[in-house]
Number of protein chains: 6
Amino acid sequence: MKPHEEHRQAAPHEVKISIITVSTSKYQDAQSGKDVDDVSGETARNMVEKAGYRLVSKKLIDDNIDMIRLTVFKSIYEEGADAVILTGGTGISSRDVTIESLRPLFEKELDGFGDIFRGVSYRQIGSPAHLSRAAAGVIDRRIVYCLPGSPNAVETALDLILPELPHAIYMAQG
Amino acid sequence: MKPHEEHRQAAPHEVKISIITVSTSKYQDAQSGKDVDDVSGETARNMVEKAGYRLVSKKLIDDNIDMIRLTVFKSIYEEGADAVILTGGTGISSRDVTIESLRPLFEKELDGFGDIFRGVSYRQIGSPAHLSRAAAGVIDRRIVYCLPGSPNAVETALDLILPELPHAIYMAQG
Amino acid sequence: MKPHEEHRQAAPHEVKISIITVSTSKYQDAQSGKDVDDVSGETARNMVEKAGYRLVSKKLIDDNIDMIRLTVFKSIYEEGADAVILTGGTGISSRDVTIESLRPLFEKELDGFGDIFRGVSYRQIGSPAHLSRAAAGVIDRRIVYCLPGSPNAVETALDLILPELPHAIYMAQG
Amino acid sequence: MKPHEEHRQAAPHEVKISIITVSTSKYQDAQSGKDVDDVSGETARNMVEKAGYRLVSKKLIDDNIDMIRLTVFKSIYEEGADAVILTGGTGISSRDVTIESLRPLFEKELDGFGDIFRGVSYRQIGSPAHLSRAAAGVIDRRIVYCLPGSPNAVETALDLILPELPHAIYMAQG
Amino acid sequence: MKPHEEHRQAAPHEVKISIITVSTSKYQDAQSGKDVDDVSGETARNMVEKAGYRLVSKKLIDDNIDMIRLTVFKSIYEEGADAVILTGGTGISSRDVTIESLRPLFEKELDGFGDIFRGVSYRQIGSPAHLSRAAAGVIDRRIVYCLPGSPNAVETALDLILPELPHAIYMAQG
Amino acid sequence: MKPHEEHRQAAPHEVKISIITVSTSKYQDAQSGKDVDDVSGETARNMVEKAGYRLVSKKLIDDNIDMIRLTVFKSIYEEGADAVILTGGTGISSRDVTIESLRPLFEKELDGFGDIFRGVSYRQIGSPAHLSRAAAGVIDRRIVYCLPGSPNAVETALDLILPELPHAIYMAQG
C-alpha cells in the first residue's frame with residue numbers, strides 16, 4: 001500500500017462541501033429576478049454529489065473581495081464545510097478578484113494545484129492553458145479551491161481534486 | 001466554437017509590441033561603440049513580425065532595476081504598446097533583476113505562464129528546464145512577458161505566447 | 001555544445017552538500033535514545049555520494065522554524081556547503097514549516113523547481129501529485145532545496161537536481 | 001473654517017459602531033457560564049454612547065484569526081457598522097493575533113494611528129508605551145481600529161478617535 | 001561638530017528637485033483648459049527656491065498608479081532630480097494612490113518621516129493628525145517624499161525636510 | 001499597582017543579553033589586525049551591565065545579511081540570550097542591511113519602538129531625527145533590537161529599552 005493510500009483510509013468518512021459561483025453578471029441577473037443558468041455551479045454540484053460527498057451549501061455571489069471573503073468564512077464557520085469550491089472570477093482583468101481575495105487568507109498554499117491543473121489543461125486545449133489561473137490553500141484546516149468559471153475547467157479541476165479530497169482534508173487537519 | 005476562439009475574434013485587430021533585450025554585457029558593448037549581435041532580440045523581432053503584429057520599439061538596456069522599469073513604462077505610455085516582451089536578466093545570480101524589477105508592478109500575474117513554458121522546455125531539454133525562470137503579468141491593461149535570454153527559450157516562449165496574444169490582451173483590458 | 005553544457009564544464013569540480021532531515025517524530029525518537037530509521041535521509045546520502053559529490057554534514061532536526069534556519073546557516077557558513085538538501089516538513093498541516101522557514105530567506109527562488117518536480121511526480125503517481133509541495137532558492141550564492149519527506153519523492157527530486165547541480169551552483173555564484 | 005472642519009459637517013449624521021472584545025480567557029469564562037467583567041468593552045461602550053454614536057453590536061470573542069475576521073465581516077455586512085472597534089489581542093506574544101488577523105485585510109492602513117496613540121501614551125506612562133501595539137485601517141469603506149486590551153489604553157485611544165470619526169468615515173467613503 | 005553636521009558639509013552643493021502635484025480634479029481642469037490654482041505645488045516651489053535648491057521640473061498629474069510611477073522615473077532619469085516631492089493623493093479613500101504607487105518601489109523606506117511629520121502636525125492641529133498619511137523612501141539613490149495635498153501639510157513637511165535634504169541625499173548615495 | 005508594574009515583578013530575575021556591533025569598516029579593521037574603537041558597542045556594554053543584566057556575548061560583525069542572521073541565531077540558540085541588541089547598519093544607503101536582514105525574521109514587530117525612539121530623538125536633535133531608522137521584534141520568544149550606530153542613539157535607545165526589558169521579555173514569552 002502506498003503512503004497516500006494509507007492516509008486516504010484514515011480520512012473522514014463524510015466530506016462536507018460548499019460550492020460558490022462568483023460572477024458579477026449572473027449575480028446581477030439573479031438580483032433583478034431573471035433566470036440564471038449557472039452551468040459551472042451545476043457541473044460542480046453534480047460531480048460532488050456523484051463522488052458521494054455532502055453538499056452543505058451552494059451560492060451565487062458578486063465578484064467582490066469582501067463578499068467573497070465573508071461567504072467563504074460562513075461556509076467554514078456556520079455551514080461546517082471541510083472544503084470550499086469557488087468557480088469564476090479568476091481571469092486576468094482588474095474586475096476578477098477571487099484569487100486576490102483569498103490568497104492573503106491562505107495559511108498555506110497548495111502550490112502545486114495551479115500547475116498540475118494547467119498541465120492537464122495544456123494537454124487538452126494547448127497554449128491557451130497558459131492564461132488560466134487557479135489556486136488552492138488552507139484556511140483554518142479547511143481547503144479552499146479557486147477554479148476558472150468555464151464548465152470545462154470545472155470538470156478538469158474536479159477530476160483532479162475529488163478523488164484526493166479526503167486525503168487532502170486529512171492532511172490539512174493534521 | 002470554443003470560448004477562447006470567440007474571444008480571439010473580438011480581440012483588437014492590430015497588436016502593438018515592444019521588444020526589450022536586457023543584458024549588461026551587450027549594453028556595455030553597445031555603449032562603447034562595438035557591434036552587438038543581439039540574437040534573441042532579433043529572434044523575437046522576426047517572430048513578432050511574421051505573426052503579423054506591429055513592432056513599435058526594440059531596445060537594448062542594462063540589467064538594472066530602474067532602467068528596466070522606466071523602459072517598460074515608456075513602452076506602454078509613450079509608444080502605445082499592448083504587450084512588452086523582455087528577454088534576458090532572468091537567471092538566478094544576484095545580478096539578474098528583470099523579474100525582480102517587474103513582478104512588484106504586476107497588478108495581476110499570469111501564474112501559469114512560467115510553468116507551462118517550463119513544461120514545454122522540459123520535454124525539449126530535460127532536467128535543466130527546472131532552473132529556468134520566466135514570468136508574465138498585467139500592468140495597466142498591457143501584458144508584460146519576461147523571457148530567458150537564450151534564443152531557444154525565446155523561440156519556445158513565443159510559440160506559446162504569440163497565437164494567444166490578441167485573446168490575452170482582450171482579457172487584460174476586460 | 002548547448003549553452004548549459006558549456007556552463008557545466010566551467011562549474012566547480014567538487015560540490016559540497018549538507019543533508020537535513022526535518023521530522024518532529026524522528027527527532028523526538030532520537031532525543032529519547034531510540035533507534036531512528038531515516039530512510040529519506042539515507043536515500044539522499046546514497047544518491048549524493050553515488051553522484052560523486054562530497055557530503056559535509058547530515059543531520060536530523062525538529063520541524064521548528066528557527067532550528068531549521070539556524071541549521072541551514074551553519075551548513076552554509078560553518079560547514080561550507082554549496083547546496084543544502086532538506087527532506088520533510090513540506091506538508092500542508094500547520095505543523096509543517098520547512099518551506100515557510102526558508103522561503104523568506106531566499107534572495108531568489110528557483111520558481112520552476114516545484115512545478116517540474118510535480119510534473120514528473122504526476123506522471124508517476126497521478127492526481128495526488130497536486131498536493132505535493134517543494135521549493136528551492138538561493139541564499140548567499142548557495143542553493144537550498146526543500147523536498148517532501150517520502151523516500152520516493154526524494155528519489156524523484158534528486159534525479160532531477162543532481163545532474164544539474166554544478167551548473168546551478170555556477171549560475172547562483174555568477 | 002479649516003479643511004477638516006468642513007469635511008466634518010458633510011459627514012454622515014448617524015455613525016454606527018461595533019465593539020468587539022478579543023480575549024481567550026474572558027471568552028472561555030463566558031463559554032463555561034462564568035460572569036465576565038469586560039471592563040475595556042464597557043469603557044468603549046460608554047464612550048461611544050456618550051459621543052452620541054449608535055452601537056449596533058457588542059461581542060466577546062476568542063483570540064483566534066478566523067473568528068476575528070468572521071466577526072469583523074459580520075459587523076460590516078450584516079450589522080451595517082461604519083466603524084469597528086476591537087480591544088485586546090494586540091500584545092507581542094504568539095497568542096496575540098488581532099493585528100495579524102486584520103492588517104492583511106486592510107485596503108489602506110491609517111499609518112498614523114499607532115504612532116499618534118503611542119505618542120499620547122508616552123506622555124502619560126513613559127517608556128512602557130514603546131511596547132504598545134495598535135493599528136487602524138479601511139475595509140470596504142469602513143474603518144477598523146485595533147486597540148490594546150487595557151481600559152486605560154481604550155480610553156486614551158477613543159479620546160483620539162471619537163471626535164474625528166465622522167470625518168474619518170467620510171474620507172474612507174470618498 | 002555633531003556627526004550629521006559633518007555629513008551636511010560633504011553633501012552635494014546643488015540639490016536638484018522635482019515637484020509633482022497629484023490631483024484628479026485639478027488634472028481634469030487643466031486638461032479641459034481651465035485655470036488651475038495649485039496652491040500646494042506653488043507653496044512647495046516657493047519653499048524649495050527660497051532654500052536655494054534648484055527646481056528641475058514641476059508637474060500636475062492624475063491620481064493614477066502608473067502615471068505617478070512614470071512621472072517619478074522621468075524626474076529621476078530624464079530630469080536628473082536628486083529628490084522628488086509629491087503632494088496629494090495620500091488620503092484614505094480608494095482613489096488615493098500616491099503612497100500605494102511608490103512604496104513598492106522604495107528600496108529602503110525612511111520609516112521615521114511619517115511619524116515625525118505627524119508628531120509635529122499633532123502639536124499644531126491635535127487629533128486629526130492621526131488620519132494623516134505621509135511616506136518617504138529611496139529609489140536608486142534619490143529620495144522621494146509623498147506629502148498630503150493641503151498647503152499647511154506641505155509647509156509643515158518641508159520645514160522638516162528641506163534643512164536636512166543635502167544630508168539625506170548624501171546618505172542615500174553612500 | 002499599574003498593570004505593567006505587576007508584569008515586571010513576574011519577569012525573569014536574570015536577563016541575558018547579546019550585543020552585536022554591525023560595521024563593515026570596523027570589521028575590516030579588526031580582520032586586518034588594527035585596533036578598533038567600538039564606542040557604540042562599549043556604550044551598550046556599560047549600560048547593560050550597569051542595569052544589572054548579564055552580558056552573554058559581544059561581537060563585531062560585517063554589515064552582511066547572512067552574517068547578521070547567523071550571529072543573531074547563535075546568540076539565541078547557542079548563547080541563550082533573552083534579548084539581542086544590534087547597533088549600526090540602519091542607515092538609508094544600499095549597504096546598510098541590519099533592519100533588512102532581521103525584519104523578515106520577526107514573528108511580531110514591536111511597531112512602536114521606532115516611533116517612540118524617534119520622538120525622543122526629535123526632542124533632542126530636531127529634524128535630523130526623521131532620517132533615523134530603528135526597529136525591534138520578536139524571534140522565538142526573544143526580543144531583537146536594531147539601533148543606529150552612533151553612541152548618542154545607542155544611549156537614547158537603551159534609556160528607553162533597559163527599564164522595560166524584563167517586562168518585554170515576559171510578554172514575548174507569554
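Predicted model: local features only at pLDDT ≥ 70, side-chain atom pairs only at ≥ 80, totals over all residues.
A salt bridge is taken here as a side-chain nitrogen of Lys or Arg within 4 Å of a carboxyl oxygen of Asp or Glu.

On the side of chain C that touches chain B, at least two residues each are supplied by α1 (3–10), β4 (108–109), α6 (111–125), β6 (142–147), α7 (151–161) and α8 (165–172) of chain C. Among these elements α6(C) gives the most, with seven residues, and the composition of this side by class is 12 nonpolar, four polar and seven charged residues. The contact draws 23 residues from chain C and 21 residues from chain B, and the two chains bury about 1,800 Å² between them, 62% of it on carbon and sulfur atoms. Within chain C, the residues that lose the most area to chain B are Lys108(C), Asp111(C) and Ile116(C), which together account for 31% of what that side buries.

Chain C is superposed on chain B by a rotation of 120° with 0.0 Å of shift along its axis, at an RMSD of 0.0 Å; this is the relation of a three-fold axis. The C-alpha of chain C nearest the axis belongs to Asp115(C), at 3.6 Å from it. Only 9% of the interface residues of chain C are also interface residues in chain B, so the copies meet through different surfaces.

For chain A and chain C, the contact takes 23 residues from chain A and 20 residues from chain C, with about 1,900 Å² buried between them, of which 62% lies on carbon and sulfur atoms. Lys108(A), Asp111(A) and Ile116(A) supply 31% of the area that chain A buries against chain C, more than any other three residues. Three salt bridges are counted between chain A and chain C, and the side chains of Asp115(A) and Arg118(C) meet in a salt bridge at 2.8 Å, N to O.

Helix α7 (residues 151–161) of chain B has several buried residues, including Val154(B), Leu158(B) and Ile161(B). The buried residues of α7(B) pack against α6 (111–125) of chain A as well as against α3 (39–50), β3 (83–87), α6 (111–125), β6 (142–147) and α8 (165–173) of chain B.

Notes
Residues numbered from 1 in each chain as written. Chains lettered and ligands numbered in written order. Heavy atoms only, no water. Buried < 20%, exposed > 50% of the residue type's maximum accessible area, 1.4 Å probe, protein only. Helix = DSSP H or I, 4+ residues; strand = E, 2+ residues; numbered from the N terminus. Contact = heavy atoms within 4.5 Å. Buried area = accessible area lost by both parts, 1.4 Å probe. Nonpolar A, V, L, I, M, F, W, Y, C, P; charged D, E, K, R; others polar. Least-squares fit on C-alpha atoms with pLDDT ≥ 70 in both.
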